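Visitor: Please take me through one part of this model in close detail. I would like the pairing of its strands first, and then the packing of its nonpolar side chains.

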Amino acid sequence: MVPMFRWAPWFATVLGVFSLVLLVGFDDMVPVAAFGLVCALVIGFMEPVAVWWRFSSDEMISRTVVGSADDQSFRMAVGTSVREEIVWEELPGWTETRQGFVLETLDEGAASLSVPHRAFASDEDVTSFRTLLQQHIGPGKHIGPAT
């Protein structure tokens, strides 16, 4: 979904520019240019509306996720419907990227949980979480600039 959301407006812009060139520069291409402009408008608005609809119509996706961690476990909750507690021993590894932490939940990262840096209130909270991961899981892999 993210690549489409990111590239659809650019594609629509390029298609619109080409269609305008056809409209202004070639008198016999007016139907083709009009079709291109309509398609550019549809493409430009289709993906943002689709993303909005997907997120607003799915109750689980549109809810806030709350998490906490201490010396015993890592906990996440989505409203009152989903609550998950994972003891540190169940997490075989972790990776830190520029955007956040990826916690492996099965061997060799076959499944994982994502904890973005923006989920923390401060840099001290990020450091504290990183320290918990190092103490209970071990050293993590780092992708991107060193932190």
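Guide: Two strands count as paired if DSSP finds at least two bridges between them. This is a predicted model. Start with strand β2, residues 73-78. Strand β2 is joined to β3 by 6 bridges. The two run antiparallel. Within this pairing, Arg-75 stands opposite Glu-85 of β3.

Now widen the view. The sheet is open and has 3 strands, in the order β1-β2-β3, with antiparallel pairing. Its edges are β1 (65-69) and β3 (82-87), and each of these pairs on one side only. From one strand to the next, the twist averages 10°.

Next, the packing. In soluble globular proteins, nonpolar side chains tend to be buried together. Here the largest nonpolar core holds 14 residues. Those with the most contacts inside this core are Trp-88, Phe-101, Leu-103, Val-115, Phe-129 and Leu-133. Both β5 (100-104) and α3 (123-136) supply at least two core residues each. Helix α3 gives the most, with 4 residues.

Leaving aside residues up to four places away in sequence, Leu-133 touches Trp-88, Trp-94, Phe-101, Leu-103 and Gly-138.

Last, confidence. Mean pLDDT for the protein is 83. A value of 70 or more is reached by 87% of the residues. Among the elements, α3 has the highest mean, 92. Strand β7 (residues 141-142) has the lowest, 77.

Definitions and conventions. Residues numbered from 1 in each chain as written. Predicted model: local features only at pLDDT ≥ 70, side-chain atom pairs only at ≥ 80, totals over all residues. Heavy atoms only, no water. Axes fitted to C-alpha atoms, helices over the stretch in contact; angles between N-to-C directions. Core = buried A, V, L, I, M, F, W, Y, C linked by side-chain atoms within 4.5 Å. Buried < 20%, exposed > 50% of the residue type's maximum accessible area, 1.4 Å probe, protein only. Contact = heavy atoms within 4.5 Å. pLDDT = per-residue confidence, 0-100.
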